[in-house]
Amino acid sequence: MALSTRPAAELAPFEWDYVPAPEARDTVSIAPRNQLYIGGRFVEPHSKHYFKTVNPATEEVLAEVAEADEVDVDRAVTAAAEAFRSWSRLEPAKRARYIFRISRLLQERARELAVLETLDGGKPIQESRDVDVPLAAAHFFYYAGWADKLEWAFPNRTPRPLGVAGQVIPWNFPLLMLAWKIAPALAAGNTVVLKPAETTPLTALLFAEICEQAGLPPGVVNLVTGAGKTGSLVVAHPDVRKVAFTGSTEVGKLIQRALAGTGKRLTLELGGKAANIVFEDAPIDQAVEGIVNGIYFNQGHVCCAGSRLLVQESIQEPLLEKLKLRLGTLRVGDPLDKNTDVGAINSRQQLEKIQGLVASGIAEGAEIYQPPCRLPERGYWFPPTLFTGVSQSHRIAREEIFGPVLSVLTFRTPDEAVEKANNTPYGLSAGVWTDKGSRILWMAERMRAGVVWANTYNRFDPTSPFGGYKESGFGREGGVHGLLPYVELN
Ligand code: NDP
């Protein structure tokens, strides 16, 4: 940290500024043109088409990436089906060894993965370095442990793998979502064809290299890059036995319709509009940190983001005062800078969606607050934003914004808090802040949400199941529960 170089007259008393602290970019080398990973080899796409992936913080083109068509997807599924014959019969302890090796390699190459994730997706390096990559490694580590203990996971049953899993993941946590999908599938003896999101394919391609480095048998993991069309081909392929999807509720519904009657297994992890509920007896400074973490972490591109703050009326004023002050300290800018708290919006399309919903909030009469902050000229940016005077009918209180935008509502009684929190078509997560353990339990029982955090928010652990109710989807990922969708039980 250094004293600001701005003239003293411009500085408020005790104002400090940070010197730039960029993470070195030369730890990664990005191939200008990237191929599909099928049957243990990097292969040119049958389509001959490539699309560009850009750094959302600078709009710089990072690389060209192959676009898989129907023939490519078929090749990938065929390779996975062939590999399934031997992978599913492999001695479970040996399967565990491969998965454990992947986990160790993710740790060894953590810096490279973190920088690449930040370059391709725009999230702050402190998040990719301290959250995404370590959690991805932890997932492989955890599921490696289950590979030879499946009979203990499902006592008195005989678990058997299903076959080829078709997996489609979004752009908000590219490597971590890959880990959530691939680790349990492999541990249970399945093989996979995975499609990363169009805007963030690069860490998945580096993961393919890691599979090679781990000596994973060819065809056990296959990666088909492309846009939504490629995803729909993976999902629809007749030899895919199980589909796992994370993304928007809209596409989740399309997939559910497409799969109806096919007998394929399906898990959907979709959108959310979580309530973060603060009672008057909550530790207020801790709650402010939890609110900030709940909605501004990863620019709010988080399905379980605490995007609706429900605050007890009696403490609304002091809480909002502290929250606004805290917003002013968030550093928005270069995602590769180690001091950055809020990075770039993932894509122009997502930025436009956020701008549209924020405009609707203003038009519908809510009051907007944004701390003074200078945004970079190039790239896709949106400042941390807070709306007060929000009513339940406003679009900003109902729709998933998927950006750094918080809608503040109030309540007087616990019953009213429950009523308002559950007044959403979604049901992924919720947060409760209170000093009383009994109230936490009382609230948790009544929340229609897959995860309820108490006096904390956005905490993840591979041993803990995660998933939704209602339009947030079904099925669980993580923990023993995360193995269930990948096995048949006799
Ligand atoms: P999508 O649901 O479109 O994308 C998720 C994944 O599905 C991507 O890999 C996408 O490919 C792929 N896909 C798109 N269409 C199909 C299809 N018909 N069949 C199979 N796969 C498909 O989300 P978006 O990226 O368009 O984001 C839109 C909104 O969705 C966001 O603003 C946000 O509100 C929400 N969202 C929620 C997420 C969550 O975790 N709950 C994650 C991401 C988005 P491609 O990337 O190439 O389009």
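Mentor: Two ground rules before we start. This is a predicted model, where local features need pLDDT of at least 70, side-chain atom pairs count only at pLDDT 80 or more, and totals for chains, interfaces and linings use all residues. Residues are numbered from 1 along each chain as its sequence is written, and side-chain values use heavy atoms, with hydrogens and water left out.

Trainee: Which residues have the most contacts inside the largest nonpolar core?

Mentor: A nonpolar core is a set of buried Ala, Val, Leu, Ile, Met, Phe, Trp, Tyr and Cys residues joined through side-chain atoms within 4.5 Å. Buried means under 20% relative accessible area, exposed over 50%, and partly exposed in between (1.4 Å probe, protein chains only). The largest core has 107 residues, and those with the most contacts inside it are Phe140 and Leu323.

Trainee: And which helix gives the largest share of this core?

Mentor: Helices (H or I, at least four residues) and strands (E, at least two) are DSSP runs, numbered from the N terminus. The largest share of this core is 11 residues, and these come from helix 6 (residues 174–187).

Trainee: How many residues are in the second, separate core?

Mentor: Among its members are Val390, Leu409, Met443 and Met447. The size of this second core is 28 residues.

Trainee: Is Ser103 buried or exposed?

Mentor: Ser103 sits in helix 2 (residues 92–108). Contact means heavy atoms within 4.5 Å, and, not counting residues up to four places away in sequence, Ser103 touches Ala137, Phe140 and Phe141. Because its relative accessibility is 1%, Ser103 counts as buried.

Trainee: What is the distance between the end C-alpha atoms of helix 10?

Mentor: The expected span of a helix is 1.5 Å times one less than its number of residues. Helix 10 (residues 284–296) has 13 residues, so it should span 18 Å. The model agrees, with the end C-alpha atoms separated by 18 Å.

Trainee: Which strands and helix do the buried residues of helix 10 pack against?

Mentor: The buried residues of helix 10 include Ala287, Val288, Ile291 and Ile295. An α-helix has 3.6 residues a turn, so residues three or four places apart point the same way. The packing partners of the buried residues of helix 10 are strand 12 (275–278), strand 13 (308–312), strand 15 (385–388), strand 16 (405–411), strand 17 and helix 11 (316–327).

Trainee: Which residue just after helix 10 takes a positive phi?

Mentor: The phi there is about 55°. The residue is Asn298.

Trainee: Which side chain makes a polar contact with the side chain of Asn423?

Mentor: Asn423 is in the loop between helix 14 (414–421) and strand 17 (429–433), and with a relative accessible area of 44% Asn423 is partly exposed. A polar contact is a pair of N or O atoms within 3.5 Å; within protein, one must be able to donate a hydrogen and the other to accept it, and residues adjacent in sequence count only if both atoms are side-chain atoms. At 2.7 Å, the partner of the Asn423 side chain is Gln392.

Trainee: How far is the side chain of Thr434 from the backbone nitrogen of Lys436?

Mentor: Thr434 lies in the loop between strand 17 and helix 15 (437–446). Thr434 is buried because its relative accessible area is 1%. Its side chain reaches the backbone nitrogen of Lys436 at 3.1 Å.

Trainee: Which side chain does the side chain of Gln35 meet in a polar contact?

Mentor: Gln35 is in the loop between strand 1 (33–34) and strand 2 (36–38). At 17% relative accessibility, Gln35 counts as buried. At 2.7 Å, its polar partner is the side chain of Tyr50.

Trainee: Which residue has a backbone N or O atom 2.8 Å from a nitrogen atom of the ligand?

Mentor: A residue is near a molecule if one of its heavy atoms lies within 4 Å of it. Of the 27 residues around the ligand, those that come nearest include Ile169, Trp171 and Ser248. An oxygen atom of the ligand is 2.8 Å from an N or O atom in the side chain of Gln350. For the ligand nitrogen, the backbone atom belongs to Leu270.

Trainee: Which helix gives the most to the shell around the ligand?

Mentor: The elements that give two or more residues to this shell include strand 10 (240–246), helix 9 (249–259) and helix 12 (348–363). With 3 residues, the one that gives the most is helix 8.
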